Amino acid sequence: IGNSSIGDLENRRLYKEMLRIRIVEEELMRYYAEQEMRCPVHFCVGQEAVSVGVCQSLVHDDSVMSSHRCHGHYLAKGGSLKGMVAELYGKSSGCASGKGGSMHLIDLSVNFLGATSIVAGTIPVAVGVGFSNKLRDERSVSVVFFGDGATEEGLFYESLNFAELHNLPVLFVCEHNLFSVYSPISVRQPSSRDIYQVAASMGLDSIRIDGNDVETVYSTTQSALDSVRSGNGPYLIEAMTYRWVEHCGPNYDNHIGYRTEEEYLSWREKDPVATFEDKLLNESTASKEFIETTKQQIFEEIREVVDYAKELPFPDSSELTKGVYAS
């Protein structure tokens with residue numbers, strides 16, 4: 001057994017969670033071609049280390065909110081895989097009753113409070129949750145995930161300002177994957193400005209890290225949470241990462257010209273799952289048998305869940321207008 005500053009058991013757990021998200025996503029990408037999932041999907045393949053490193057640092061009472069690319073956050077926080085897949089198939093037992101689809105996952109039982117397709121839309125809501133936690137004198141932290149595109153919305157600045165002004169227990173996690181749909185960061189923000197430094201200029205503690213290194217994400221998040229729980233106010237983590245497939249959908253789109261094959265391949269070499277797997281093997285923290293067994297178990301799990309979801313009923317037509325307006 002190799003040595004680790006985090007611990008071998010934790011490292012195997014981090015690996016299993018990343019691997020589960022990767023296999024689930026890639027299997028769903030394959031099933032999506034069958035045209036039975038009719039909601040838009042935003043996959044997080046290549047970004048698993050951020051989801052896992054952050055969410056595995058949390059306790060049950062900490063809450064998480066997310067954006068349109070939410071599958072990894074939902075699963076890493078403990079959301080039901082059956083509920084998620086049923087939701088993608090639009091079935092009545094989906095986690096949002098089959099009405100929300102991929103971008104609107106929710107599981108209150110694990111304090112995953114929801115996701116939205118509106119860019120930056122959950123940031124102020126998560127701040128409101130943090131405000132509630134403070135008013136109730138609770139130690140729970142409100143965590144919100146968003147992409148670099150969300151930092152160009154007014155809601156981002158207003159939320160950081162309010163959170164810092166009121167010293168709220170909020171952890172902002174920016175998954176900086178370099179693109180907003182097809183627009184690279186270079187045409188959207190000046191090169192002289194860094195997102196984490198914007199947060200620092202507003203008074204927040206902040207840091208930029210390698211978002212493809214799950215150990216770094218995990219240990220950084222734990223330090224940030226310690227600071228927030230100690231009453232030091234909100235914290236922002238800017239995690240540098242990269243999405244492998246198209247902005248919306250299951251396909252690879254390097255051929256359309258907004259990014260080069262060379263850039264994509266350079267990030268593939270930083271694959272958070274494969275590099276961490278190699279590390280565990282090299283340090284004898286995990287065996288090849290453990291890894292292969294784990295992979296097989298996850299493949300069996302997702303295939304059983306898809307078969308299960310396909311057989312479920314769709315919502316009854318009487319459900320169409322329920323929950324749309326307050327009574």
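Is Ser159 buried or exposed at 5% relative accessibility? Ser159 counts as buried, where buried means under 20% relative accessible area, exposed over 50%, and partly exposed in between (1.4 Å probe, protein chains only). The model is predicted: local features need pLDDT of at least 70, side-chain atom pairs count only at pLDDT 80 or more, and totals for chains, interfaces and linings use all residues. Residues are numbered from 1 along each chain as its sequence is written, and side-chain values use heavy atoms, with hydrogens and water left out.

Ser159 sits in helix 6 (residues 154–165). Helices (H or I, at least four residues) and strands (E, at least two) are DSSP runs, numbered from the N terminus. Neighbours within four places in sequence aside, Ser159 is in contact with Ile123, Pro124, Val127 and Phe172. Contact means heavy atoms within 4.5 Å. Arg243 lies 84 residues from Ser159 along the chain, and their C-alpha atoms are separated by 26 Å.

Helix packing was examined next. Two packed helices are described by the angle between their axes and the distance between the axes. The axes of helix 2 (residues 48–55) and helix 8 (residues 214–229) come within 8 Å. They cross at roughly 35°. Axes are lines fitted to C-alpha atoms, for helices over the stretch in contact, and angles run from 0 to 180 degrees between N-to-C directions. The crossing of helix 2 and helix 8 is right-handed. A crossing is right-handed if the near helix is turned clockwise from the far one by less than a right angle, and left-handed if anticlockwise. On the helix 2 side, the contact is made by Ala49, Val50, Val52, Gly53 and Val54. Helix 8 contributes Val214, Val217, Tyr218 and Thr221.

Helix 4 (residues 81–88) is mostly covered, with seven of its eight residues buried. The buried residues are Leu81, Gly83, Met84, Val85, Ala86, Glu87 and Leu88. Their cover includes helix 1 (8–32), helix 3 (71–76) and helix 11 (288–311).

Ala120 lies in the loop between strand 2 (112–115) and helix 5 (122–135). Its relative accessibility is 6%, so Ala120 counts as buried. Val181 occupies the loop between strand 5 (179–180) and strand 6 (183–184). Its relative accessible area is 33%, so Val181 is partly exposed.

Val181 also belongs to a surface patch. Together with Tyr182 and Ile256, Val181 forms a nonpolar patch with about 260 Å² of accessible area. Patches are made of residues with over 30% relative accessible area and no salt bridge; like charges are joined within 9 Å, and nonpolar side chains (Val, Leu, Ile, Met, Phe, Trp, Tyr) within 5 Å. Accessible areas come from the Shrake-Rupley method with a 1.4 Å probe; for residues, only the protein chains shown count as cover.

The structure holds 17 salt bridges. A salt bridge is a side-chain nitrogen of Lys or Arg within 4 Å of a carboxyl oxygen of Asp or Glu. One of them pairs Lys310 with Glu34, with the closest N and O atoms 2.8 Å apart. This pair links distant parts of the chain. Lys310 is in helix 11, whereas Glu34 is in the loop between helix 1 and helix 2, 276 residues apart. Lys310 has a relative accessible area of 25% and is partly exposed. Glu34, at 39% relative accessibility, also counts as partly exposed.

A second pair lies within helix 11. Glu292 forms a salt bridge with Lys295, the closest N and O atoms being 4.0 Å apart. The two residues are three residues apart, about one turn of the helix. An α-helix has 3.6 residues a turn, so residues three or four places apart point the same way. Glu292 is partly exposed, with a relative accessible area of 49%. Lys295 is partly exposed at 22% relative accessibility.

A further salt bridge joins the side chains of Lys322 and Glu319, at 3.3 Å from N to O. Lys322 has a relative accessible area of 47% and is partly exposed. Glu319 counts as partly exposed at 29% relative accessibility. Elsewhere, salt bridges that share partners join Arg22, Glu48 and Asp271 into one network.
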